[in-house]
Amino acid sequence: MASESSGAADYIKHHLQSLTSLNDVSEGQGLQNIADFSFINLDAIFFAIVLGVVGSFLLWRAARKATSGVPGRFQAAVELLYEFVDDMCKGIIHNEQSRKVVAPLGLALFTWIFLMNAMDLLPVDLLPRVWQGMTGNHHALLRVVPTADINTSLALAIGVLIFCIFYSIKIKGGKGWVHELFTAPFGPMLGPVNFLLNILEYLSKTFSHGMRLFGNMYAGELVFLLIALLGGSWAASGSIGFLDPILFFFHIIAGAAWAIFHILIITLQAFIFMALAFVYIGQAHDHH
């Protein structure tokens with residue numbers, strides 16, 4: 001039993017490690033903590049870029065193939081998504097000039113994050129086994145869900161923060177923004193306190209924005225790994241025990257049920273991230 005527990009722990013630990021160096025492919029080295037900011041996770045960057053290109057291509061293709069007649073299913077789906085995002089942006093951000101940039105930004109964020117989240121629906125061992133076969137190394141590392149990497153999620157949130165600061169300066173002017181940092185919300189007499197509170201607000205919103213996406217996707221990834229273990233015990237041992245067929249049956253049922261439910265999660269998390277981006281950028285337009 002202890003050996004099985006150790007094997008399960010090693011399986012999960014291996015799947016939660018990121019590829020940080022191409023040297024790891026040949027040496028099987030470089031396992032580090034998932035929240036270690038000292039390394040660049042190459043797999044997260046690779047899949048994020050690829051999915052960003054795929055998302056951009058899909059939106060570009062929909063725009064190019066758009067017709068004034070009866071739209072096809074793909075065009076209709078993209079048009080519905082665009083109208084939904086545009087209406088939400090209008091309801092939050094009242095500056096028409098800002099919406100020309102922020103609405104497309106929201107559409108790009110939703111599409112990109114949805115595609116990155118959707119990588120969680122692939123069988124957990126599919127791409128890692130393909131990668132190991134290509135490298136010839138059983139210990140080669142590969143994580144395929146970029147948003148389950150804290151670095152990716154926080155990077156997206158920091159990007160939104162940059163837009164917030166940009167629009168704060170654009171709408172209020174550099175002096176107006178700095179003045180607001182030191183005078184809101186308690187007036188100029190408490191300038192240092194105001195400045196500290198405003199900086200903490202920026203940091204807390206950014207941190208919670210990224211951590212919400214990371215936490216949900218990381219938890220979903222972990223559940224898929226636990227479900228995979230239900231049907232993989234017989235494969236690891238090389239023999240079939242009495243309970244293995246029962247566990248494999250529950251593995252199929254649980255995996256299908258969680259995948260169906262997870263479709264809602266990956267969509268909801270993309271929507272929440274986009275909606276909060278609109279809210280934070282909208283707050284940057286407000287004068288205090």
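A157, V160, L161, C164, Y202, K205, T206, H209 and Y280 line the second largest cavity of this predicted model, where lining residues have an atom within 4 Å of a cavity point. Local features need pLDDT of at least 70 and side-chain atom pairs count only at pLDDT 80 or more, while totals for chains, interfaces and linings use all residues. Residues are numbered from 1 along each chain as its sequence is written, and side-chain values use heavy atoms, without hydrogens and water.

**Cavities**

- The second largest cavity holds about 60 Å³ of space; α7 (150-172) and α9 (191-237) are the elements that give two or more residues to its lining.
- Helices are DSSP runs (H or I, at least four residues) numbered from the N terminus.
- The lining of the second largest cavity has 6 nonpolar, 2 polar and 1 charged residues, with Ala, Val, Leu, Ile, Met, Phe, Trp, Tyr, Cys and Pro counted as nonpolar, Asp, Glu, Lys and Arg as charged, and the others, Gly among them, as polar.
- The structure has 3 cavities of 30 Å³ or more, a cavity being a set of points on a 1 Å grid over the protein atoms alone where a 1.4 Å probe fits but cannot get out.
- The largest cavity contains about 120 Å³, the volume being the space filled by probe spheres set on the points.
- Of the 13 residues lining the largest cavity, H15, V124, V144, V145 and E221 are the closest to its centre.
- The lining of the largest cavity comprises 9 nonpolar, 1 polar and 3 charged residues.

- Leaving aside residues up to four places away in sequence, L156 touches L109, W112, I113, M116, L213 and F273, contact meaning heavy atoms within 4.5 Å.

**Helix α3**

- The 23 residues of α3 should span 33 Å at 1.5 Å a residue, which agrees with its end C-alpha atoms being 33 Å apart; the expected span is 1.5 Å times one less than the number of residues.

Key
On a 1 Å grid over the protein atoms alone, a cavity is a set of points where a 1.4 Å probe fits but cannot get out, and a pocket is an open set with protein on both sides within 12 Å along at least five of seven lines; lining residues have an atom within 4 Å of a point.
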